[in-house]
Amino acid sequence: MIDRRTLALLVTLCLGQVLLISAQVQSQGGVPLLQVAAFDAFARVQRVTTAITDAVTGVWSGYFGLRGVARENAELRQQLLDMAVELQQQRAISSQVRSLEELLGLKAAVPVETVAARVIAGNITPGTLTVAIDRGTDDGLAPDMAVIGAEGVIGRVINPVASHAATVQLLVDANAAAAIVFERSQTGAIAVGGQSDGTLRAEFVPVLADIEPGELVTTSGQDRVFPPGFPVGTVESISGAGTPNRTIRIRPAADFSHLDVVLVVLTPPPPLPAATEAR
Amino acid sequence: MKFTSVLVTVVVGVLLQVALARFTVGGTWVFDLVLVAVVFAGLQWGPTAGMIGGTLGGLLQDLLSGTIAGVSGLAKTLVGFVAGLIGTQFVLTRAHGRSIIVAGCSIVHRVLMLALTGLIEQHWPGTTWGAMLAETIVNTAAGFVLFQLVATVPGLVARQRLGRRAGFGRRQW
């Protein structure tokens, strides 16, 4: 039925991979050199395939998908107008805050330096929610840098990071987490991914904390990855309220199914106060 | 020659996976075109080709996604071998028959992946039957298209060549 050589090869291949897995599990690390080399080589190909697919979709949307453009244009104009008004309001608030900071003698917040990157590939392995972007170590990227989008937090840079490409772990991935704060109640917690419905689960929320559905959730900066104040999402549902088993689901602000351009935060979050760090 | 064919099949699978997965990130519809390529290699060229394709494709997936290298590799090696074994034991010439093997392999692969991840992380990773079913459906559909293409294209090309030759003959006389 099966010759010995085939069986021997099967056993060798399986055993080799079991040893490879156990070596990584024991050392708590990956195979960085091999990973970076493979990722770097494929990133070039990914960039080409992205250019081709973008050209095809560009031709489609540019020539064939023009139906409804006038309507979309009107909607966008309205949006632009609304945003201009909002921007003016934000500017007014910002100047008020600055003058208050000056009055109180507070140190101004560190401006966040970002670099724009394009998503060039999706999650190669189903089950792990990662994307590849077209910026790497040559652009100043390093692991654990925060990645944000127009609507909110997207994720963080993880290994492998090549010279012109990097991997981003999305916030909804099973191994992703971020330190958050509920805006209304100012309660700190940890948002973790891995939910089958694409939401985030809030962990370590004090039992007595008053959380309401619809409440805005932002980053707290306590994880030293995500700068504070960036929107993470809104509280979607609370089950088992008033019990220690209360489950809080957060609907992410970012739409992970349409990722095109993202911003990588190059500035690390400010260090925690000495007292907090000592604790 | 067989190794080159397996390598090309797997690399094309990986390229298609990274190119198309960009449009479904975070969505409900997940697929594994590398697995489809591995099953194709197994059914087309036998168990050795299936397991080598599985090892190459799986390891490449692991290295590119930044996860523990070997998890997907091990799962795909076993699935590729089983697909190759089925291919040698049963006569599967029709595309829909081969697609059913893809469906079965998708489920076995997902269960293997969950089991391996569970063993490593010491807890059963969260997954739903719906997500597994969606992945199986998309993989099966992709497999059906691939097998149908492989069955149809060579005949189509041969017929076109024959037609061209016949036309050339008529012109000569």
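How many other C-beta atoms lie within 10 Å of Asp144(A), and is this residue buried, exposed or partly exposed? The legends below describe a predicted model, and the first of them takes up this residue.

**View 1. Asp144(A) sits in the loop between S2 and S3 of chain A.** Asp144(A) has 14 other C-beta atoms within 10 Å. A residue is buried at 20 or more such atoms and exposed at 12 or fewer, so Asp144(A) counts as partly exposed. The phi angle of Asp144(A) is positive, about 75°, although the residue is not a glycine.

**View 2. Arg224(A) is found in the loop between strand S9 (216-219) and strand S10 (231-239) of chain A.** Arg224(A) is not a glycine, yet its phi is positive, at about 60°. With 14 other C-beta atoms within 10 Å, Arg224(A) is partly exposed.

**View 3. Six strands of chain A close into a barrel.** The order around the barrel is S1-S2-S5-S4-S3-S12, with antiparallel pairing. From one strand to the next, the twist averages 45°. Strand S3 (residues 146-148) of chain A and strand S12 (residues 261-265) of chain A run antiparallel and are joined by two bridges. Val147(A) has Val264(A) in S12(A) as its bridge partner. Chain A as a whole has four helices and twelve strands, and buried residues make up 32% of its 279 residues.

**View 4. A cis peptide bond joins Asn159(A) and Pro160(A).** The omega angle of this bond is about 0°. Pro160(A) belongs to strand S4 of chain A, a strand that is part of the barrel.

**View 5. Chain A and chain B meet in a contact that takes 48 residues from chain A and 41 residues from chain B.** On the side of chain A that touches chain B, the elements giving two or more residues include helix H1 (4-27), helix H2 (32-64) and strand S1 (114-121) of chain A. H1(A) supplies the largest share of this side, eleven residues. By class, the residues on the chain A side are 28 nonpolar, 20 polar and no charged.

**View 6. Helix H3 (residues 47-65) of chain B and helix H4 (residues 71-89) of chain B have axes that come within 7 Å.** The two axes cross at roughly 160°. An angle over 145 degrees counts as roughly antiparallel, and H3(B) and H4(B) are therefore roughly antiparallel to each other. The crossing in which H3(B) passes H4(B) is right-handed. Eleven nonpolar, 14 polar and two charged residues form the contact of H3(B) with H4(B).

Conventions:
Residues are numbered from 1 along each chain as its sequence is written. Chains are lettered from A and ligands numbered from 1 in the order in which they are written. This is a predicted model: local features need pLDDT of at least 70, side-chain atom pairs count only at pLDDT 80 or more; totals for chains, interfaces and linings use all residues. Axes are lines fitted to C-alpha atoms, for helices over the stretch in contact, and angles run from 0 to 180 degrees between N-to-C directions. Angles under 35 degrees count as roughly parallel, over 145 as roughly antiparallel, 65 to 115 as roughly perpendicular and the rest as oblique. A crossing is left-handed if the near helix is turned anticlockwise from the far one by less than a right angle, and right-handed if clockwise. Ala, Val, Leu, Ile, Met, Phe, Trp, Tyr, Cys and Pro count as nonpolar, Asp, Glu, Lys and Arg as charged, and the others, Gly among them, as polar. Two residues are in contact if their C-beta atoms, placed from the backbone, lie within 7 Å. Two strands pair if DSSP finds at least two bridges between them.
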